[in-house]
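Thanks for coming. I will go through one structure today, with a few notes on its packing and its charged side chains. Please have a look at it first.

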Amino acid sequence: MAELVYLADLLCTGRAGPYGVATRGASCLDFATFERDTAAWHGAFSAHAGTRFGLFFRDGYTFATALFGAWQAEKTVYLLADVAAANVASLGAVVDGFAGDVPGVACISPIEGGALPRWQALDPKARHLVVYTSGSSGAPIAIVKRLSQLFDEVAALAQCFDARLGDDAQVCTTVSHQHIYGLLFAVLLPLASGRSFVAQRLAFAEDIAAELGKDGAYVLIASPAHLKRLPHALAWAAVRTNLRAVFSSGGPLPDEALPVCLELLGQTPVEVYGSSETGGVAWRQRQPAGTLTWQPLPGVAIQVEDDALHVRSKHTDSEGWQAMSDRVRSNGPGFDLLGRSDRIVKIEEKRVSLQAVEQALLATGLLTDVRVLVQLARRAQLIVAGVPGDEGWRVLEDEGKPALNTRLRAALKVVVEPSALPRRWRYASFLPMNAQGKTTEAALLSLFDPRRPAMRVLTRSANTVSLQIQIAPESPYFDGHFPGAPVLPGVAQLDWVALFAREFFVLPPTFQRLEVVKFQQIIKPGMVIDMALAVDAERGRLSFALTSVAGSHASGRFIFGAAA
């Protein structure tokens, strides 16, 4: 492993010898290549009159070169959490340009072949990064960061965790570098500490098992959403041998995930607590047999006032104390988390704890995961998105959705007044999560879109998925198509294929064409349809087939072009 470098000095100090920055497949990208690629981006940003740029890259190495190229050109970088059209359009009103894999807009490109510039130490005081909160509790909020906040936090992480990682470990991640957690742990910390990182994100458990099963030593940067869904069916023996450490952040890790991690990965995760605003605050590594108090990271001071946690460190944008949205209890030099303080709402003039509602629903054993939201329609009301367990699915299939709703509502009468009980319910095989492993409020609300069908996952692999689709008679797609004899339009079937394909697979952003599409039989209200999807990511191809007990209904292929 190379010597720890303060990141403001990375390029002007350089790295000597055979130090590898990243791997991409079988290719190793060394520091000389990193310098050349960063210089190409530096040239592109320097040639542009603008000062603010939105960045979105799927490849972590290319992202790192563009990021440091922009900073060397004294540009401010805005990190897009995703490239949804509304998100890109909103940021387009703020920035002067885009770079990366951003569809629908002109992006700047690196200028190859120029001489290396004379690198300068980056100004730690420069406010050259803007990140966004995850949107898990509302609309994302822009957070402006000084470079020193990032670089000092990376130094603190290295001080705290460097010894347990080992000198030869390569860093892999399931979370995106477009979020502060992935940026710090999966890109900046490896660059500062001299460890290489895998350029491609490991989006699925199959990817984790395959990559970490190769020869070598690894560090895994993960989210609770990935760690609590590790399947036993994969080959984990080599992973347990190769894995030096696993980290989890971005949300609470359920207790039930600990024995699974210990069994499959050979160790429990190091959990890191913090926020986009404060950066990392504390850490712990629990064992299944008991809990462990959160310990402050180096350089972080904490205090508890009225059950609220206050933080002071160089990672925040304030020299004073900064309050967090969590209730805590002091425990020696650390603290215990008691839950968020901002999840008390008023429904029908009654105070309701969303956390208490979720806990009561999980206690029924009918759901394995759940989120309760407040929807503002004509009046505020609770809505529930849940993942049924085996018994929950049995009730749905044998007795129907109203029966499951009734059972769950009955369990809530001890924590919610009757007038405030949830009004709407949606069930899915999993709650949607983004590349940061976060379940956003916007994604949860999309489950309640009447155009979206109820869906259950039947089987899944890295490149295929089989879904069961319930065709609701009240779907708006039947309106006017046709009166007295409703039929699901073919365009709606294609829309569902594209919708679910993007939820399960990383596909190129730009659709090109359809091939060999056939509609064999009509789909009527109330039918149950099996949707089979298979992706060839390298060629940008998505094959689909819709079938039922009546036979084949539709099949064909989407062409998205080559992967970016």
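Gly 400, which follows helix 12, has a positive phi, near 100°. Helices here (H or I, at least four residues) and strands (E, at least two) are DSSP runs numbered from the N terminus. This is a predicted model, in which local features need pLDDT of at least 70 and side-chain atom pairs count only at pLDDT 80 or more, while totals for chains, interfaces and linings use all residues. Residues are numbered from 1 along each chain as its sequence is written, and side-chain values use heavy atoms, with hydrogens and water left out.

Staying with helix 12, residues 390–399: Gly 392, Trp 393, Val 395 and Leu 396 are buried there. Buried means under 20% relative accessible area, exposed means over 50%, and partly exposed is in between, with a 1.4 Å probe and protein chains only. Viewed down the axis of helix 12, the buried residues fall within an arc of 155°, so they line one face of the helix. That arc is taken from the directions from the helix axis to the C-beta atoms. Asp 390 and Asp 398 are exposed, on the face turned away from the buried side. What covers the buried residues? The cover includes strand 23 (380–388), helix 13 (401–411), strand 24 (424–427) and strand 25 (454–460). Contact means heavy atoms within 4.5 Å.

Glu 397 pairs with Arg 456 at 2.1 Å, N to O. Since Glu 397 lies in helix 12 and Arg 456 in strand 25, the pair ties together parts that are 59 residues apart in sequence. Arg 456 is buried, at 19% relative accessible area.

How many salt bridges does a search of the whole structure find? It finds 21. One of them joins Lys 214 and Glu 211 at 3.2 Å, N to O. Lys 214 is partly exposed at 40%, whereas Glu 211 counts as buried at 15%. Another links Glu 515 to Arg 513, with the closest N and O atoms 3.0 Å apart. Here Glu 515 counts as buried at 18%, and Arg 513 as partly exposed at 39%. Shared partners also join Glu 391, Arg 394, Asp 398, Glu 399 and Arg 407 into one network of salt bridges.

Next, a charged residue without such a partner. Glu 153, in helix 5 (residues 147–165), is buried yet has no salt bridge. The nearest side chain of opposite charge is Lys 145, 5.6 Å away. A polar atom of the Glu 153 side chain does lie 2.6 Å from the backbone nitrogen of Gly 280. Leaving aside residues up to four places away in sequence, Glu 153 touches Ser 148, Leu 184, Gly 279, Gly 280 and His 315.

Last, the nonpolar cores: sets of buried Ala, Val, Leu, Ile, Met, Phe, Trp, Tyr and Cys residues joined through side-chain atoms within 4.5 Å. The largest has 78 residues, and those touching the most other members are Phe 34, Phe 68, Trp 71, Leu 188, Leu 191 and Phe 247. Helix 6 (residues 180–193) gives the largest share, 10 residues. A second, separate core of 30 residues includes Met 455, Phe 500, Phe 505 and Ala 554.

Definitions and conventions:
Lys, Arg positive; Asp, Glu negative; His and termini not counted. Salt bridge = Lys/Arg side-chain N within 4 Å of Asp/Glu carboxyl O. Polar contact = N/O pair within 3.5 Å; in protein donor to acceptor, adjacent residues only side chain to side chain.
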